[in-house]
Amino acid sequence: MAPKVKKVPIRKCVGCQENITKKQLVRIVNNKELGVVLDKTGKLNGRGAYICRDPECLEIAIKKKRLSYALKSEITEDLYKEIKEYVEVNHELI
């Protein structure tokens, strides 16, 4: 009997539109109680969107308003700053 192969979750980056493993992405979630927030745990309830830990991908997503479209909500400048800082600090973890 062959050993079970664990399924690796894949998600699409809203910036570069590439399919990447979930662990390599940053999740932004539109939660009913909290609104749109950066989900560092990846487990908050709500509509989620994923972005690469690449600052260039984030710039594409901001410029083309892909996060707003994916989350069906307006994104504040403060949240963009928070995401940008988080991506820059965790960029090496790819």
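The secondary structure of the protein comprises three helices and five strands, where helices (H or I, at least four residues) and strands (E, at least two) are DSSP runs numbered from the N terminus. The model is predicted, so that local features require pLDDT of at least 70 and side-chain atom pairs count only at pLDDT 80 or more, whereas totals for chains, interfaces and linings use all residues. Residues are numbered from 1 along each chain as its sequence is written, and side-chain values use heavy atoms, with hydrogens and water left out.

Read along the sequence, the elements follow the pattern β-β-β-β-β-α-α-α. The C-alpha trace spans about 55 × 30 × 20 Å along its principal axes. Of the 94 residues in the protein, 34% are buried. Here buried means under 20% relative accessible area, exposed means over 50%, and partly exposed lies in between (1.4 Å probe, protein chains only). Accessible areas come from the Shrake-Rupley method with a 1.4 Å probe, and for residues only the protein chains shown count as cover.

The largest nonpolar core has 24 residues, and those with the most contacts inside it are Ile28, Ile51, Leu67 and Ile83. Two or more residues each are given to this core by strand 3 (25–31), strand 4 (35–39), strand 5 (47–52), helix 1 (55–63), helix 2 (66–71) and helix 3. Helix 3 provides the largest share, five residues. A nonpolar core is defined as a set of buried Ala, Val, Leu, Ile, Met, Phe, Trp, Tyr and Cys residues joined through side-chain atoms within 4.5 Å. In soluble globular proteins, nonpolar side chains tend to be buried together.

Two salt bridges are present in the structure, the criterion being a side-chain nitrogen of Lys or Arg within 4 Å of a carboxyl oxygen of Asp or Glu. In one of them, Asp39 pairs with Arg27, with the closest N and O atoms 2.7 Å apart. This pair links distant parts of the chain, since Asp39 is in strand 4 and Arg27 in strand 3, twelve residues apart. Asp39 counts as buried because its relative accessibility is 4%, and Arg27 counts as buried at 10%.

A salt bridge is also formed between Glu59 and Lys84, whose closest N and O atoms are 3.1 Å apart. Distant parts of the chain are again linked, with Glu59 in helix 1 and Lys84 in helix 3, 25 residues apart. Glu59 counts as partly exposed at 39% relative accessibility, and Lys84 counts as partly exposed at 32%.

On the surface, Glu77, Asp78, Glu82, Glu85 and Glu88 gather in a patch of negative charge. Patches are made of residues with over 30% relative accessible area and no salt bridge, like charges being joined within 9 Å and nonpolar side chains (Val, Leu, Ile, Met, Phe, Trp, Tyr) within 5 Å. Asp78 is located in helix 3 (residues 77–89) and counts as exposed because its relative accessibility is 60%.

Two C-alpha separations were also computed. Thr21, in strand 2 (residues 19–21), is partly exposed, with a relative accessible area of 25%. Thr21 and Pro9 are twelve residues apart in sequence and 5.9 Å apart in space, C-alpha to C-alpha. Asp39 and Gly15 are 24 residues apart in sequence, with a C-alpha to C-alpha distance of 17 Å.

Terms used. Lys and Arg count as positive and Asp and Glu as negative; His and the chain ends are not counted. The place of a charge is taken as NZ of Lys, CZ of Arg, CG of Asp or CD of Glu.
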